[in-house]
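Thanks for coming, everyone. Please put the model up, and we'll take one residue and then one interface.

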Amino acid sequence: MKLVILNYGVGNIKSIQFAFDRLGVTAVLSSDAEEIKAADKIIFPGVGEASSAMKKLREAGLEDVITKLNQPVLGICLGMQLMCRKLEEGNTNGLGIFDLAVKRFSTSVKVPQMGWNTITNLKSKLFEDISDKEYMYLVHSYYVEENENTIATTDYELPYASAIQKDNFYGVQFHPEKSGKLGEKILLNFLNL
Amino acid sequence: MLTKRIIPCLDIKNGRTVKGVNFVNLIDAGDPLALAKQYAEVGADELVFLDISATLEGRKTMLEMVLKVAAQVNIPFTVGGGISTVEDVDALLHCGADKVSINSSAIKRPILINELSQKFGSQCVVVAIDAKQIDGKWVVHLAGGTIPTELELFDWAKEVAQRGAGEILFTSMDNDGTKAGFANEALAKLSALVNIPIIASGGAGSVQHFTDTFIKGKSDAALAASVFHFGEIPIPTLKQELKNNSIQVRL
């Protein structure tokens, strides 16, 4: 199993690496196109601001590399959002793997949503042995509306897509690497896809 | 629904927990890693580590501790104490901390909040505010509550939110250590005033106090130290009781 975490100078990737260490899998940080293409599984991390993250992705020359991948890719938090078409944050275009828009929560709720919330209507092998309404840790100000690619739903202001899937591309809005044992189970499920 | 969070706070000096901890089944109660793991096991939602080391050597040890915690603990944690530059934060996040908490440095140089939220995102910037009532006014204090400032709690809270703080950790110095409950009136006012999560701190003594701060104080999270460290309020009991009171918690 060759697991690569995309390294494009964004965010706290240590936590993800450590989570896989706990599962007994060594994840390699890489921004090298050939190494990424040769991996069995790929993690697309991201925290921080969308437009600057997208800029870094472009500078690292990874835009085309990611969209053309055929092996399972898991986008986490901003990583998931960057796989979408259009992001309200910084008025940025994403990779467009998912033809979806990423919008900001309104001021009717506290922003960011910070803490543990449930995931429901689970529809993917990614959630094997995870029961409905389990808690995951989330920290985000922007969300993806429910859509045909939704594989998990969370309710905050409105029911939104907290996980999406299209072909080999998976995205989760929550942080499995910070969501206790159940989060680790989701990472393990990803490795077993 | 998003749950209310329960957050144990550990004071760290030179890589060891201080202020006394009395934990059953813990061989070394001074070891922050062992404590953190235990808290994660019993259902703490997050952890806060407060570095009270005064020396440079102590700060370096803190980074090593953060690395160990990040490697072995699978819930989010915040590190605070003595953080005053973008470089400090960069180093902590690199070691795997999820958030940082700043206090005095934000008062001395408020633009630090902007710098941090722009560089690392609001989600990892917690601004801690210590305040106490003087002549009916909530006066913000710095340096661990030892020096009063010109700032008033609610004005300062508004400013830190505008500058990009992702969360406010409010400690009422009037309530801290009393075990008589949180400063719910001020907390509720804060919660209505700013649109970011508020962590209540100072005054936890009973399960009822937690219920009160979530209902009356409209707090999003509650932080405590001694009631957890000395096993006075076991976290599973607390959460079950909160659930019985129709407060959303993760069990």
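Thr154(A) sits in strand E11 of chain A, residues 150-156; strands (E, at least two residues) are DSSP runs numbered from the N terminus, as are helices (H or I, at least four). This is a predicted model: local features need pLDDT of at least 70, side-chain atom pairs count only at pLDDT 80 or more, and totals for chains, interfaces and linings use all residues. Residues are numbered from 1 along each chain as its sequence is written, chains are lettered from A and ligands numbered from 1 in written order, and side-chain values use heavy atoms, without hydrogens and water.

Is Thr154(A) buried or exposed? Buried, at a relative accessible area of 1%; the cut-off for buried is under 20%, with a 1.4 Å probe and protein chains only. Beyond its neighbours within four places in sequence, its contacts include Asn117(A), Leu138(A) and Tyr160(A). Contact means heavy atoms within 4.5 Å.

Now the interface. Chain B gives 40 residues to the contact, and chain A gives 29. Between them they bury about 2600 Å², 53% of it on carbon and sulfur atoms. That is accessible area (1.4 Å probe) lost on being put together, summed over both. On the chain B side, Leu2(B), Asn74(B) and Asn195(B) lose the most area to chain A, together 27% of what that side buries.

There are 3 salt bridges between the chains, each a side-chain nitrogen of Lys or Arg within 4 Å of a carboxyl oxygen of Asp or Glu. Glu41(B) forms a salt bridge with Lys181(A), with the closest N and O atoms 3.2 Å apart.

Note on methods. Buried means under 20% relative accessible area, exposed over 50%, partly exposed in between (1.4 Å probe, protein chains only). Buried area is the accessible area (1.4 Å probe) that two parts lose on being put together, summed over both.
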